[in-house]
Amino acid sequence: MLSLKAIVERLNEQGVAARLVGDETCVIESVAGFTHASKGAITFLANSRDIKLLLGSAASAVLVQESVVDQVPMHAIVVDNPHVAFAHVVAWLYAEDDVPEGIHSSATIDPSSQIHPSASVAAQCVVEAGVVIGAECRIGPGCIIGKNVQIAEQTRLLANVTVCHGSQIGSRVILHPGVVIGADGFGLANDAGQWVKVPQVGNVRLGDDVEVGANTTIDRGAIDDTVIGAGVKLDNLIQVGHNVRIGEHTAIAACTAVAGSTRIGKGCAIGGCVGIVGHLEIADNVTITGMSHVSQSI
């Protein structure tokens, strides 16, 4: 639970300029949409066209822009981007329970690994030789972390994540269940009709604040590394091929496949089920809508 005064203070501390119109002592217990909101809930108005729906809501408070605050019948927090402010409020109200520090008795830990005392490693995990796990990391049940992997502070691996040898994971990264980081890329040479496997000797590097959805795979580089820039958000069931580079703060929706050695710029938005051919260059701030096939550089 948080008072509206506390929410406004926290938003301002986060750099989200906010001011309150209403009772600062009002207590918020939950978040909800317009229709299902009840007393004690906070909602948000992202589009002024939905103001009629908000007028009939039972929510105690709403996050809105300055242009519509005079039309709001409940307590209001005025911000430039209500959706972003709402994201912060949800995180505060629904903070995950603290995971106990330490290593579960059923985990298998190589003695040469370095696990920060504030980190936690859950049941049935395997941590191989030379691994470094930073402060306040949370390694969920059934995860496998290969040799010489480096995981920076406050990163979370949920259940059954596999991080293959040599991969480097930044700070505050979230890897959802079933993610595989650093499996071999699809490297094959054709020898008179027979396929010869090309050993994949590169690694994978994930920047800070990356989030990778369930069952997404990011292949290790053939020679150079596969690199995912800071703040990149990948949805579920995405295939990222070897030697791909994705620029900072790009977002890619589910079931997209990016073939090897393609370069995607910063700030791109790529829809679901997109197919991107290998060895292409996609510039910064490109939007690609769902089900598109990209066969040439952009």
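## Exercises on a predicted model

**Exercise 1.** Identify the buried residues of helix H1 and the elements against which they pack.

*Solution.* Helix H1 spans residues 4-13, and its buried residues are Leu4, Ala6, Ile7, Val8 and Leu11. These buried residues pack against strands E1, E2, E3, E6 and E7, and also against helix H3 (82-93). Just after H1, Gly15 adopts a positive phi of about 85°.

**Exercise 2.** Of the four salt bridges in the structure, examine the one between Arg19 and Glu66, and explain why this pair ties together separate parts of the chain.

*Solution.* The side chains of Arg19 and Glu66 meet with an N to O distance of 2.8 Å. Because Arg19 lies in strand E2 whereas Glu66 lies in the loop between E6 and E7, the pair ties together parts that are 47 residues apart in sequence. Arg19 is partly exposed, at a relative accessible area of 39%, and Glu66 is likewise partly exposed, at 45% relative accessibility.

**Exercise 3.** Locate the partners of the salt bridge between Asp184 and Lys197.

*Solution.* The two side chains meet at 2.9 Å, N to O. Asp184 is in the loop between strands E21 and E22, while Lys197 is in strand E23, 13 residues apart. Asp184 counts as partly exposed, at 37% relative accessibility.

How values were computed. Residues numbered from 1 in each chain as written. Predicted model: local features only at pLDDT ≥ 70, side-chain atom pairs only at ≥ 80, totals over all residues. Heavy atoms only, no water. Buried < 20%, exposed > 50% of the residue type's maximum accessible area, 1.4 Å probe, protein only. Helix = DSSP H or I, 4+ residues; strand = E, 2+ residues; numbered from the N terminus. Contact = heavy atoms within 4.5 Å.
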